[in-house]
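Reader: I would like to walk through this fold with you, one question at a time. Could you help me read it?

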Amino acid sequence: MKHRMVLALAAVLLAAGACGGDGETTLRIYTSVTQNTVDAVVAAFEAQHPDITVEVFRAPTGELTARLAAEQREGGVRADVLWLTDPLSMQQYARDGLLRAWTPQGADAVPAPARTETFWGTRLLTMVAVHGETVAAPAAWSDLTSPSLAGAVALPDPGFAGSALAVLAFFAGD
């Protein structure tokens with residue numbers, strides 16, 4: 001599965017690099033994906049395409065959002081590829097018209113609910129609930145708002161991490 005993800009993303013990178021139209025040989029990626037994953041995918045791409053330089057800006061979702069907003073105010077987004085970790089950001093960028101329609105070879109392997117004309121999921125993020133020995137396990141997500149758990153529940157900052165925002169969206173919709 002990891003090998004397929006690398007190949008699929010390499011195809012995305014190649015297409016983005018080929019879409020420059022002005023002879024550009026630099027591919028600029030903005031991502032919130034973990035550094036080890038980014039390094040492996042970029043190395044595999046560069047091994048197959050040594051004539052293309054890959055520049056990566058990697059940051060938490062909040063910083064990426066701020067950079068994209070600043071670039072939009074300054075005349076346009078400079079990234080060729082947005083490789084993010086939460087669907088909510090991608091959906092907003094699609095609504096804002098920032099994404100280009102493109103269907104890579106093999107895109108049908110991604111389940112229909114996880115893809116559109118402008119973006120598709122490459123993997124699932126796992127949400128985990130952990131409780132201590134002195135705290136009863138919640139039977140439902142709504143239990144996390146119980147007064148008995150006041151001060152005992154911690155969530156990551158959704159303004160910092162897109163995955164945290166996605167978790168809150170899941171809670172709101174479930």
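This is a predicted model: local features need pLDDT of at least 70, side-chain atom pairs count only at pLDDT 80 or more; totals for chains, interfaces and linings use all residues.

Reader: Let us start with the overall layout. In which order do the elements of the protein chain run from the N terminus on?

Author: The protein chain holds five helices and three strands. Of its 174 residues, 27% are buried. Read from the N terminus on, the elements follow the order α-β-α-β-α-β-α-α.

Reader: Thanks! In what order do the three strands sit in the sheet?

Author: The edge strands are E2 (53-58) and E3 (81-83), as each of them pairs on one side only. E1, residues 26-31, is joined to E3 by three bridges, and E1 also pairs with E2. The sheet is open and its pairing is parallel, with the strand order E2-E1-E3.

Reader: And what is the average twist from one strand to the next?

Author: The three strands form an open, parallel sheet. From one strand to the next, its twist averages 25°.

Reader: How many bridges pair E1 with E2?

Author: Thr26 stands opposite Thr53 in E2, and Leu27 stands opposite Val54 in E2. The two strands pair in the parallel sense, and the number of bridges is six.

Reader: Now the helices. At about what angle does helix H3 run to E1?

Author: Helix H2 (residues 35-48) lies across E1, E2 and E3, and runs at about 170° to E2. Helix H3 (residues 61-73) also lies across E1, E2 and E3. Its angle to E1 is about 130°.

Reader: I always look for ring pairs. Why is the pair of Tyr30 and Phe57 classed as it is?

Author: There are two aromatic pairs by the rule used here. The ring centres of Tyr30 and Phe57 are 5.7 Å apart and the planes stand at 70°. Planes over 60 degrees apart count as edge-to-face, so the class of this pair is edge-to-face.

Reader: How far apart in sequence are the parts that Tyr30 and Phe57 tie together?

Author: Tyr30 is buried, because its relative accessibility is 1%. Phe57, at 23%, counts as partly exposed. Since Tyr30 lies in strand E1 and Phe57 in strand E2, the parts tied together are separated in sequence by 27 residues.

Reader: Which charged end sits over the ring of Phe57?

Author: The ring of Phe57 also takes part in the pair with Tyr30. A charged end sits over the Phe57 ring, 4.0 Å from its centre, and this end belongs to Arg67.

Reader: What about Trp102 and Trp120: how is that pair classed?

Author: Both residues lie in the loop between H4 and H5, 18 residues apart. Trp102 is partly exposed, with a relative accessible area of 31%. The ring centres are 5.7 Å apart and the planes are at 45°, so the pair is tilted.

Reader: Is Arg100 buried or exposed?

Author: Arg100 lies in the loop between helix H4 (87-95) and helix H5 (162-173). Its C-alpha atom is separated by 8.7 Å from that of Phe119, 19 residues apart along the chain. With a relative accessible area of 58%, Arg100 is exposed.

Reader: Last one: is Thr61 buried or exposed?

Author: Thr61 lies in helix H3. Leaving aside neighbours within four places in sequence, its contacts include Ser32, Thr85, Asp86 and Phe160. The relative accessible area of Thr61 is 10%, and buried means under 20%, so Thr61 is buried.

Key: Residues are numbered from 1 along each chain as its sequence is written. Side-chain values use heavy atoms; hydrogens and water are left out. Two strands pair if DSSP finds at least two bridges between them. Helices (H or I, at least four residues) and strands (E, at least two) are DSSP runs, numbered from the N terminus. Axes are lines fitted to C-alpha atoms, for helices over the stretch in contact, and angles run from 0 to 180 degrees between N-to-C directions. Contact means heavy atoms within 4.5 Å. Buried means under 20% relative accessible area, exposed over 50%, partly exposed in between (1.4 Å probe, protein chains only). Rings of Phe, Tyr and Trp (its six-membered ring) pair if their centres lie within 6.5 Å; planes under 30 degrees apart count as stacked, over 60 as edge-to-face and the rest as tilted. A charge sits over a ring if NZ of Lys or CZ of Arg is within 6 Å of the ring centre and within 35 degrees of the ring normal.
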